[in-house]
Structure formats: C-alpha cells, structure tokens
Amino acid sequence: MRTFQKRSIARETTPLEEIIMTAYPYVYANEQIEDCIPRLSGYSEDSIPVLDLNNKLCGVLTAQDMTRLTDDVMGEDYAKLAGLTAEEDLEESLGKSISKRLPWLVILLGLGFVVSTVVGMFEQVVASLTLIVCFQSLILDMAGNVGTQSLAVTIRVLMDEQITGKQKLHLVLKEAKIGLCSGFILGMLSFVLIGEYLFLIKGETAILAFSVSFCTGVALLVSMLLSSVTGTVVPLIFQKLKIDPAVASGPLITTVNDLVAVITYYGLAWLLLIHVLHA
C-alpha cells in the first residue's frame, strides 16, 4: 500500500526513518503509458524514476513529460469518442484526415441501413397513423443523449484498473436506475405536453391525442432505460474483449441507441395504438 510522507529538513535529532520515503512512485521502461497514468495520478513529484526489468534506474520521467504524455493519451481517447481512428491536427492533409474518419463512417453507414430497414418493417404502422412520425426524432434524440452520458461515465470509471466485477455491476444498475428515473420524469412531461399540443393546437380528438402522447411517453421511458444500459454495457464488453472502451464511441452508441429507440417506439405504437384504436 502506498504511503505519503511530508518532506522535512533533517535535524541532528531527527531519526532517519522519519524522513525516508519508502513508497516512492516509479514506472518500468516497458510499461504502456495508459497503464502508468492512473497509478501516478495521486502523486505530486517533480520527477519519477524509470526502471528496467532488473529494477535498475535507466531514466527519469519529469512532470513536463507526464503532462505531455497525458495530453497525448487524452487526445487519442477524445478522437475515439468522436469516431476517429486517431487524433488530427491542423496541418494534416485532406486525404489523411479522411482516412482517419472514413472507417467508422462506413461502419455507421451499415448500422444506419439496419435502422432504416427496421423502420421499414413498421410501414403499416406509419401508414395507419402518420401522426406518430412527428415524434420519432424526439425519442431517438433523447435515447442517444442518455446513452452518450452513460458512455462517458463508464469510460471514466474504467480508467481505474482496480475496479472489481461487483463495482461494474453496481455501475450498470446505477445507470439503469438513472435512465429509468429520468425516463419516467421526461415520459410524464411528454405525455402531458404532447397530449395537450395534439388536442388543443392540432385539433385531434382527446382519445387520439392522449393515446399518442401516452405511447410517446412510454417509448421515451423504455428507450432511455435501455439506452442507459447499452451505454454502460457496451464499453464493459469491449474491455472484456481487450478492446479499448473508448472505441465504443459516441457515434456508435448513438446509432445503436437509435436502433433500440426505433424498435421500442414503433413496437409500442403497433401494440398500443394500432391494435387498441382499431379494435
């Protein structure tokens, strides 16, 4: 266990044991930078020794070095969160920038086709009640937002290499509760506001107006719950597969959550509106 001792000036009567640091931070030359940063974050030393495999001094890591390396690592993670394969700078050529962005865009294009295909499966629902299309973007946007929030929290937590399986499970349950509570509150607001909008402004019947708003509210609740879980579980799975959790980027999570939200929204519309209203 690491201990921290206050530095002091050695007096003639001061025991040597009181001024010797027995847990000075160090790194090995063959370690990955990403593995060192979390371990050294609690120290405030001006320089840290670099050791070889025989525990012999082979270099020094200064505070300036740590700042630069941390900036590089965070820049790479930020790029991955944005759906880039590597960090960009202003001096890069057009072709190089495109090559960094295109791989994820191709993957997201494929997922986008899946989302569009799923929407097409509910063509009968849309044809029978075109009104529900107006609120599709609301469900998709909120699902994407809450999923991205859960993703950011999860990646931050996973920076701690000492996190246990029990703590990961607690994280999933916590994010699920947050998604459930947030979805309930926003779902209730949607139920009231959309119902009043359709009834008072659009002139729809009260039954139809509040049936649509009820479906929207329930879909918002379910999609936000599922998106919170998705935004937490996906990076955990990536870590388990030895893949950088940051690869579970915002665009990827957003597209996956779009798929979840579309199935939830139109599935509930088919179940609650088409079957009930046309019964």
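Me: Is the crossing of H5 and H6 left-handed or right-handed?
Reply: The model is a predicted one. In it, the axes of H5 and helix H6 (residues 165-201) lie 11 Å apart and meet at an angle of about 160 degrees. The two helices are therefore roughly antiparallel to each other, and the sense of their crossing is right-handed.

Me: By class, how many nonpolar, polar and charged residues does the contact of H5 with H6 have?
Reply: On the H5 side the contact includes Leu138, Met142 and Val153, and on the H6 side it includes Lys168, Glu175 and Ile194. Sorted by class, the residues of this contact are 2 charged, 3 polar and 8 nonpolar.

Me: How are H5 and H7 oriented, roughly parallel or roughly antiparallel?
Reply: Helix H5 (residues 136-158) and helix H7 (residues 206-240) have axes that come within 8 Å and cross at roughly 30 degrees. Angles under 35 degrees count as roughly parallel. The orientation of H5 to H7 is therefore roughly parallel.

Me: How many charged residues has the contact of H5 with H7?
Reply: The crossing of these two helices is right-handed. Among the residues that meet are Ala143, Gly147 and Ser150 in H5, and Ser223, Ser227 and Gly231 in H7. The class count for H5 with H7 gives 12 nonpolar and 10 polar residues, and the number of charged residues is none.

Me: How are H6 and H7 oriented, roughly parallel or roughly antiparallel?
Reply: The axes of H6 and H7 are 7 Å apart, and the packing angle is about 160 degrees. An angle over 145 counts as roughly antiparallel. The relation of H6 to H7 is therefore roughly antiparallel.

Me: How many nonpolar residues has the contact of H6 with H7?
Reply: H6 passes H7 in a crossing that is right-handed. By class, their contact has 3 charged and 12 polar residues, and the nonpolar residues number 23.

Me: How far apart are the end C-alpha atoms of H7?
Reply: H7 has 35 residues, so at 1.5 Å a residue the helix should span 51 Å. The separation of its end C-alpha atoms agrees with this, at 50 Å.

Me: Which residue just after H7 takes a positive phi?
Reply: H7 comprises residues 206-240. Just after this helix, a positive phi of about 65 degrees is taken by lysine 242.

Me: Which strands stand at the edges of the sheet?
Reply: The open sheet has 3 strands in the order E1-E2-E3, with mixed pairing. An edge strand has a single partner strand, so one of its sides is left without a neighbour in the sheet. The strands so placed are E1 (27-28) and E3 (57-62).

Me: Which residue in E2 is the bridge partner of tyrosine 28?
Reply: E1 and strand E2 (residues 47-51) run parallel and are joined by 2 bridges. In E2, the partner of tyrosine 28 is leucine 51.

Me: Which residue in E3 stands opposite leucine 51?
Reply: E2 pairs with E3 in the antiparallel sense, over 5 bridges. The two strands form a hairpin with 5 residues between them, and asparagine 55 in the turn has a positive phi of about 60 degrees. Opposite leucine 51 in this pairing stands leucine 57.

Technical notes: Residues numbered from 1 in each chain as written. Predicted model: local features only at pLDDT ≥ 70, side-chain atom pairs only at ≥ 80, totals over all residues. Heavy atoms only, no water. Pairing = 2+ DSSP bridges. Helix = DSSP H or I, 4+ residues; strand = E, 2+ residues; numbered from the N terminus. Axes fitted to C-alpha atoms, helices over the stretch in contact; angles between N-to-C directions. Parallel < 35°, antiparallel > 145°, perpendicular 65-115°, else oblique. Left-handed = near helix turned anticlockwise from the far one by under 90°. Contact = heavy atoms within 4.5 Å. Nonpolar A, V, L, I, M, F, W, Y, C, P; charged D, E, K, R; others polar. Expected span 1.5 Å × (residues − 1).
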